[in-house]
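Hi everyone, thanks for coming. Let me put today's model up on the screen, and then I'll walk you through the ligand site and the strands beside it.

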Amino acid sequence: MTRLARTAGLTEVQTDILATVRAFVDREIIPNAQELEHSDTYPTDIVERMKEIGLFGITIGEEYGGLGESLLTYALVVEEIARGWMSVSGVINTHFIVAHMISRHGTETQKAHYLPKMATGEIRGSFSMSEPDLGSDVAAIKTRATRTDEGYTIDGAKMWLTNGATSNLTAVLVKTDLGAGSHNEDKPHKNLTTFLIDKPEGTGEVLPGLTIPGKIDKMGYKGVDTTEALFDGFRVGADAILGGEPGKGFSHMMDGIEVGRVNVAARACGIAVRAFELAIGYAQQRSTFGKPIAEHQAIAFKLAEMATKVEAAHLMMVNAARAKDSGERNDVVAGMAKLIASEYCAEVTQEAFRIHGGFGYSKEAEIERLMREAPFLLIGEGTSEIQKTIISKGLLREYRL
Ligand SMILES: Cc1cc2nc3c(=O)[nH]c(=O)nc-3n(C[C@H](O)[C@H](O)[C@H](O)COP(=O)(O)OP(=O)(O)OC[C@H]3O[C@@H](n4cnc5c(N)ncnc54)[C@H](O)[C@@H]3O)c2cc1C
């Protein structure tokens, strides 16, 4: 057999990109991840190298200076990066979602303005749907954009912006009431609009009426910043509306989240692969009762089950990426891939942790970090319960009597 999580049918370009990224991860990410994680330091040097390699523009069209690669290529790159350190994949994930939304739904002016600079990483994106009172229930958004003579005024509080402080472009989903009597009155998700907001990096009142308080102190996923964003009479022009027309933000964001789900699945695959690698290595080095623990059947069977889960999750993630690339509706397969990859990732890291015995509980052990990373994947881009809602709705649509 070959090693785990290999993908059949890749082009030469995809194979070359993955080899480059894998070498970059082994040489520059894995050796630095522990220190950066424990000191909660943004990986500036790694981000600069990713710009040079072209990773910020990997899916952006060649006409805008990107590599024009598919979602599958991107997902496989993310899997490799997350194998090194999930936080680094977090830096490009929100950027990738925003670039995808602009490429698919932006006006020609927005595409020409943003995409070339996003391809080089000069502009880096974050996106903001969640609020203190809501995450799963996106249609309940309260942050509101009110129409004025000059454009819009935004008021409200957003929460959990990954790269909120280190990005210089934020795609924010807000409520834009289209007025009493509008045909959308009873469909709240039709009254949501995405604004593209240019902002300086940093924290504090970064623009009049827009405050990015400091980083939220998280259990894991360190290094990459996650922040709130407070809008208080923040003024923005109507030309900042993604696609130029209000009321379409929900479907734009859901399109972004659908590719985001494949990407979260890919991250889960990367972490699970790494947990397996650490476990199978440790199991051959650590001896108890006169033999390496890998020779105790209980441990060998754990390795067999872990590897099977790694492989199954990888195949479903690849399947979901290919479905999206072929233009098929992929909400169900993306939901399934995200569900199984994140749940298996949590199980595989837990088993790898047990195989490490007491050493796994030490902060010196890489598995300790993976144990703190895995739970985020059960939540981000929709919890497992939300994936099951999407999957079951899709099944009932397909199998309707
Ligand atoms: C580190 C981190 C980074 C994040 N980055 C971003 C970001 O960049 N941008 C962004 O917009 N958001 C971001 N989020 C927010 C994330 O998307 C939400 O936390 C997630 O969608 C869950 O929402 P919630 O926290 O409000 O949980 P809730 O929606 O309050 O859910 C609480 C619990 O109830 C369950 N539940 C909710 N509704 C149902 C239902 N109908 N049926 C059954 N069970 C249900 C959920 O599964 C969960 O178990 C981030 C979150 C974290 C932790």
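**Around the ligand**

Let's start with M129: one of its backbone N or O atoms sits 2.8 Å from an oxygen atom of the ligand. That's a polar contact, meaning a pair of N or O atoms within 3.5 Å; inside the protein, one must be able to donate a hydrogen and the other to accept it, and residues adjacent in sequence count only if both atoms are side-chain atoms. F127 also uses a backbone N or O atom, which lies 3.0 Å from a nitrogen atom of the ligand. With S130 it's the side chain: an N or O atom there is 2.8 Å from a ligand nitrogen.

How much of the ligand does the protein cover? On its own the ligand has 970 Å² of accessible area, and the protein covers 62% of that. Accessible areas here are Shrake-Rupley values with a 1.4 Å probe, and for residues only the protein chains shown count as cover.

A quick word on the ground rules. This is a predicted model, where local features need pLDDT of at least 70 and side-chain atom pairs count only at pLDDT 80 or more, while totals for chains, interfaces and linings use all residues. Residues are numbered from 1 along each chain as its sequence is written, and side-chain values use heavy atoms, with hydrogens and water left out.

Now the whole shell. There are 17 residues around the ligand, and the closest are S130, S136, W160, T383 and E385. Being near means having a heavy atom within 4 Å. They split into eight nonpolar, seven polar and two charged.

Which strand gives the largest share of the shell? That's strand 3, with three residues. Strands are DSSP runs of E, at least two residues, numbered from the N terminus.

So let's follow strand 3. It pairs antiparallel with strand 2 (residues 144-147) over four bridges; two strands pair if DSSP finds at least two bridges between them. A four-residue hairpin joins strand 2 to strand 3. Strand 3 also pairs antiparallel with strand 8 (residues 226-236), over eight bridges, and there K158 has A229 as its bridge partner.

Last stop: D149, in the loop between strands 2 and 3. D149 is exposed (over 50% relative accessible area), at 80%.

Methods: Nonpolar A, V, L, I, M, F, W, Y, C, P; charged D, E, K, R; others polar. Buried < 20%, exposed > 50% of the residue type's maximum accessible area, 1.4 Å probe, protein only.
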